Structure formats: C-alpha cells, structure tokens
Amino acid sequence: MGNGGGCAPSRWVHPVGNIPQSTLPRDVHAVPEQGEVADHPCRYGDVVRCVAKCTPDDPQACNAAGIMFEFDDGERTEPALASTFYERSCDGNYAQGCNNLAWLYLRGRGVPKDQPHAMLLFMTAFDAAKLACARGDASGCLLAGEILYEGRGVAPDEEQALALLQRACDGGEARACDLVATQ
C-alpha cells in the first residue's frame with residue numbers, strides 16, 4: 001500500500017490486544033481514581049471541596065457549587081446559598097452562572113423576585129456566552145443561541161440564534177443539534 005492509500009496502516013493503529021492504555025476511552029462506569037476526584041470535586045459531587053475551589057480564578061466551580069445547592073433532591077436545597085455562588089460565578093464572567101442567577105431572580109427563588117434585574121443578568125450571560133463562543137467554546141454558542149432564540153434580556157433573533165446553535169452543534173453540543181433539527 002502506498003502513501004495516502006486509505007488502507008495503509010498508520011502509526012496509530014495497534015494490533016488487537018496491544019492497545020496502549022492511554023489511547024482507550026475512560027470507562028464512564030468505573031469508580032474514579034482519588035486523584036481524579038481531588039482534581040474535579042464539583043464533577044463528582046464533593047460539595048466541601050467544590051465550595052473550596054470556588055475562587056475568583058474558578059468561576060465554573062462557583063457555578064457548580066450553586067447547582068449543588070439549588071438542585072440536590074432536598075438534602076441541602078438552599079436557593080439563597082445557591083444565589084451567592086451563582087453571583088460569584090457571574091462576577092467571574094462565567095455565562096452559565098449569570099444565566100442561573102437570572103432564573104432565580106425571575107422566579108424569586110432564594111432572592112427577591114426582580115424581573116428587571118433578571119433581564120439584566122440574562123444580557124450579561126448573553127454577552128459572556130457570545131464571547132466564549134467567539135473563542136471556540138461550543139457550550140457558549142449553545143447558551144448564546146438559546147438566550148437569543150428565546151429573547152431573554154435581548155431582542156429575539158431567530159436567524160442569528162440558529163447560526164449560534166449550528167456552531168454549537170458543529171462543536172459537539174448534542175442538545176444544540178437537537179434544537180437545530182427541530183427548526
């Protein structure tokens with residue numbers, strides 16, 4: 001087989017039974033290693049470590065901590081506490097944190113019901129999501145597209161929203177692909 005022939009073995013093809021461990025996908029059903037849990041406490045529901053990781057340098061951890069306190073099946077549900085973590089996340093310019101805080105204000109959950117403030121937060125989330133999208137973050141494209149499509153705090157623009165959702169889909173966001181397919 002010559003160069004470029006589709007059947008030529010590449011250096012990445014390994015004989016069966018001799019596949020290096022590092023090339024295998026992680027088993028999502030396996031119990032995570034201690035180091036993995038320590039590095040990503042929010043992903044594994046370690047509330048104490050996730051809260052500790054919530055710093056100005058990690059607004060994503062602040063958002064995750066907010067989610068843990070807002071949606072925990074009743075064990076620790078504290079929307080007021082969730083709002084403080086969402087606010088810290090939003091202050092760190094993390095779009096999803098601003099979006100989550102906006103929903104709390106819109107519903108009056110853990111904070112006073114305040115639609116104008118919620119709309120301002122949705123605009124902030126949209127701006128941060130658009131910036132993330134421009135930097136290649138597909139989840140940012142998804143959030144910006146959803147906000148723009150629904151007109152949450154910004155004028156609805158279906159054409160631009162669908163373009164953002166398509167970028168998100170192209171970036172691997174399955175939910176964006178579903179939304180684009182229904183239009």
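**Reading a helical chain**

Guide: Let us start at a helix end, where H7 is followed by Gly151, a residue whose phi is positive, near 70°. Helices (H or I, at least four residues) and strands (E, at least two) are DSSP runs, numbered from the N terminus. Please keep in mind that this is a predicted model, in which local features need pLDDT of at least 70 and side-chain atom pairs count only at pLDDT 80 or more, while totals for chains, interfaces and linings use all residues. Residues are numbered from 1 along each chain as its sequence is written, and side-chain values use heavy atoms, with hydrogens and water left out.

Visitor: What span does helix H7 reach from its first C-alpha to its last, and what span is expected?

Guide: The expected span of a helix is 1.5 Å times one less than its number of residues. Helix H7 (residues 138-150) has 13 residues and reaches 18 Å between its first and last C-alpha, close to the 18 Å expected.

Visitor: Is H7 mostly covered or mostly uncovered?

Guide: A residue is called buried when it has under 20% relative accessible area, exposed when it has over 50%, and partly exposed in between (1.4 Å probe, protein chains only). H7 is mostly covered, since 10 of its 13 residues are buried; among them are Cys141, Leu142, Leu143, Glu146 and Ile147. Over the chain, 34% of the 183 residues count as buried.

Visitor: Which helices do the buried residues of H7 pack against?

Guide: Contact means heavy atoms within 4.5 Å. The buried residues of H7 pack against helix H5 (95-107), helix H6 (115-134), helix H8 (158-170) and helix H9 (174-181).

Visitor: Where are the buried residues of H8 placed around its axis?

Guide: The residues in question are Ala161, Leu164, Leu165, Ala168 and Cys169, which are buried in H8. They cover an arc of only 145° around the axis, which puts them on the same side of H8; the arc is that of the directions from the helix axis to the C-beta atoms. What covers these buried residues includes H6, H7 and H9, whereas the face of H8 turned away from its buried side carries the exposed residues Glu159 and Asp170.

Visitor: Which residues does Gln96 touch, if residues up to four places away in sequence are not counted?

Guide: Gln96 is found in helix H5 and is partly exposed, with a relative accessible area of 28%. Leaving out residues up to four places away in sequence, Gln96 touches Asn63 and Leu143. The C-alpha atoms of Gln96 and Leu143 are separated by 7.6 Å, although the two residues lie 47 residues apart along the chain.

Visitor: Is Ser83 buried or exposed?

Guide: Ser83, whose place is in helix H4 (residues 79-91), is buried, because its relative accessible area is 7%. Not counting residues up to four places away in sequence, Ser83 touches Leu101, Leu104, Gly110 and Val111.

Visitor: Which residues lie nearest the centre of the largest pocket?

Guide: On a 1 Å grid over the protein atoms alone, a pocket is an open set of points where a 1.4 Å probe fits, with protein on both sides within 12 Å along at least five of seven lines, and lining residues have an atom within 4 Å of a point. The largest pocket is lined by 16 residues, of which Tyr94, Ala95, Ala132, Asp137 and Ser139 lie nearest its centre. Helix H3 (59-70), H5, H6 and H7 each supply at least two residues of this lining, and H6 gives the most, with four residues.

Visitor: Which helix gives the most to the lining of the second largest pocket?

Guide: That helix is H3, with six residues. The second largest pocket is lined by 14 residues, of which Cys42, Arg43, Gln60, Ala61 and Ala64 lie nearest its centre.
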